[in-house]
Amino acid sequence: MDYYKVLGLSSNATKDEIKEAFRNIAKKFHPDKHSASPKSVRDGATVRFKQASEAYEVLVDDHKRADYNLRSNRSNQGGPSGSGYGYGYGYTYDSRKNRSSNYDYYGKKASVSRFQIALGYINSRAFLLNVAFAGAILSGLAAVEIGRDAIWKMQNPEII
């Protein structure tokens, strides 16, 4: 679904234009306005209202809009069908099918070994920070242990 078409906007619309377009569609297709209409009209209006609400929710948020623009540009440029946001290392997430697939950023089939995925994780910032933190904790524990032994030896020189 093209959110810009749902709201009748171009892809470079401002937030104010998005809000105005959503308000107009919401007034026209709100379910409460069509409560006395025949079921087919009521169902059509409800679907249109839900589509407009979903489009508004994505397009008014800068991060969601950037992600949507990235995904829609990739699928328009010959990427895999329903291609999702790329994680790198030849691994993407297909949001429409709710599953992972082996396509790289350019839409080409990628073969990814478990070793490459593990290597990507090991090189990640979060992993490296955790290793550094664990190293600092272990170094501190070693220093305390050495210090405790030194103090014990100073207090008990005749036992050694």
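On helix α2, Asp 16, Lys 27 and Lys 28 are exposed, where exposed means over 50% relative accessible area, buried under 20% and partly exposed in between (1.4 Å probe, protein chains only). The model is a predicted one, in which local features need pLDDT of at least 70, side-chain atom pairs count only at pLDDT 80 or more, and totals for chains, interfaces and linings use all residues. Residues are numbered from 1 along each chain as its sequence is written, and side-chain values use heavy atoms, with hydrogens and water left out.

The side of α2 opposite those three residues is made up differently. The buried residues of α2 are Ile 18, Ala 21, Phe 22, Ile 25, Ala 26 and Phe 29. Seen down the axis of α2, these buried residues fall within an arc of 135 degrees, so they line one face of the helix; the arc is that of the directions from the helix axis to the C-beta atoms. An α-helix has 3.6 residues a turn, so residues three or four places apart point the same way.

Helices (H or I, at least four residues) and strands (E, at least two) are DSSP runs, numbered from the N terminus. The spans of two helices are set out below; the expected span is 1.5 Å times one less than the number of residues.

| Helix | Number of residues | First to last C-alpha | Expected span |
|---|---|---|---|
| α2 (residues 15-29) | 15 residues | 21 Å | 21 Å |
| α3 (residues 39-60) | 22 residues | 31 Å | 32 Å |

In α3, the buried residues are Ala 45, Phe 49, Ala 52, Ala 55, Val 58, Leu 59 and Val 60.

The loop between α2 and α3 holds His 34. At 14% relative accessibility, His 34 counts as buried. Setting aside residues up to four places away in sequence, His 34 touches Lys 28, Phe 29, Val 41, Arg 42 and Ala 45, contact meaning heavy atoms within 4.5 Å. A polar atom of the His 34 side chain lies 2.9 Å from the backbone oxygen of Lys 28. His 34 and Thr 46 are twelve residues apart in sequence, and their C-alpha atoms are 8.6 Å apart.

**Aromatic pairs**

A pair of aromatic rings is described by the distance of the centres and the angle of the planes. Rings of Phe, Tyr and Trp (its six-membered ring) pair if their centres lie within 6.5 Å; planes under 30 degrees apart count as stacked, over 60 as edge-to-face and the rest as tilted. The count comes to four aromatic pairs. In one of them, the rings of Tyr 4 and Tyr 68 have centres 6.0 Å apart and planes at 50 degrees, so the pair is tilted. Tyr 4 is in helix α1 (residues 3-7) and Tyr 68 in helix α4 (residues 62-76), and the pair links parts of the chain 64 residues apart. Both Tyr 4 and Tyr 68 are buried.

Phe 22 and Phe 49 also form a tilted pair, with 6.5 Å centre to centre and 35 degrees between the planes. Phe 22 lies in helix α2 and Phe 49 in helix α3, so the pair ties together parts that are 27 residues apart in sequence. Phe 22 is buried at a relative accessible area of 16%, and Phe 49 is buried at 17%. Tyr 3, Tyr 4 and Tyr 68 form one aromatic cluster.

**Nonpolar core and the N-terminal segment**

A nonpolar core is a set of buried Ala, Val, Leu, Ile, Met, Phe, Trp, Tyr and Cys residues joined through side-chain atoms within 4.5 Å. The largest such core has 19 residues, and those with the most contacts inside it are Tyr 3, Leu 7, Leu 9, Ile 18, Ala 52, Leu 59 and Tyr 68. Helices α1, α2 and α3 each supply at least two residues of this core. Leu 9 touches Tyr 4, Glu 17, Ile 18 and Ala 21, not counting residues up to four places away in sequence.

Asp 2 sits in the segment before α1 and counts as partly exposed at 32% relative accessibility. The side chain of Asp 2 reaches the backbone nitrogen of Tyr 4 at 3.1 Å.

**The whole chain**

The protein chain has six helices and three strands, and its elements run α-α-α-α-β-β-β-α-α from the N terminus on. Of its 160 residues, 23% count as buried.

Technical notes
Polar contact = N/O pair within 3.5 Å; in protein donor to acceptor, adjacent residues only side chain to side chain.
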